[in-house]
Amino acid sequence: ESRLGDLREWTVALEPEVAVAAQRAAIETLIWMANADRKLDPEEAHMLKEIIMRSRLDADAQDEMVTAVHNPPELDQLAVRIGHPVLAELLVALSWELADADGDISRSEETFMNDLADKLGVAGARVTEIRDAVVAQVAG
């Protein structure tokens, strides 16, 4: 909970354009995760669209992100664009949940998650903890 407090304080202090860039990077990460197995399932697409529509991005940016659901954007300089380690861990957790939305985590999704965690600076042991917690929550 204290780490989430740190994240809240960080987001409040951001300049608006930096906050939008971090939010877009977060959504782009989830879009990539959903497409990692080269098969975007309806459950994954629905979850992504819900996340996008609940974001505080303006209507044009939301439209752009919805279009990107089927055409993933580049993930250049991801850790820099995300900007906070707690946000990175939350993205890893959301990505695991998205990967499991269709009831199956494919080998390509696992490979992507390991690469994503590396790009975000989330340690392998922490990634395993996050995955186990998400899979248990989704199953139970």
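Begin by selecting the charged side chains of the protein chain: 13 are positive and 28 negative, and the centres of the two sets lie 1 Å apart. Here Lys and Arg count as positive and Asp and Glu as negative, with His and the chain ends not counted, and each charge is placed at NZ of Lys, CZ of Arg, CG of Asp or CD of Glu.

This is a predicted model, in which local features need pLDDT of at least 70 and side-chain atom pairs count only at pLDDT 80 or more, while totals for chains, interfaces and linings use all residues. Residues are numbered from 1 along each chain as its sequence is written, and side-chain values use heavy atoms, leaving out hydrogens and water.

Next, switch to a cartoon view, where the protein chain shows eight helices and zero strands (DSSP runs of H or I with at least four residues, or of E with at least two, numbered from the N terminus).

Now colour by burial: 41% of the 140 residues count as buried, that is, under 20% relative accessible area with a 1.4 Å probe, protein chains only.

Then select Ile82, Val92, Trp96 and Leu120, which touch the most other members among the 39 residues of the largest nonpolar core, a set of buried Ala, Val, Leu, Ile, Met, Phe, Trp, Tyr and Cys residues joined through side-chain atoms within 4.5 Å. Helix H6 gives the most to this core, with eight residues.

Finally, centre on Leu120: leaving aside neighbours within four places in sequence, Leu120 is in contact (heavy atoms within 4.5 Å) with Leu78, Ala79, Ile82, Ala88, Leu91 and Val92.

Methods: Buried means under 20% relative accessible area, exposed over 50%, partly exposed in between (1.4 Å probe, protein chains only).
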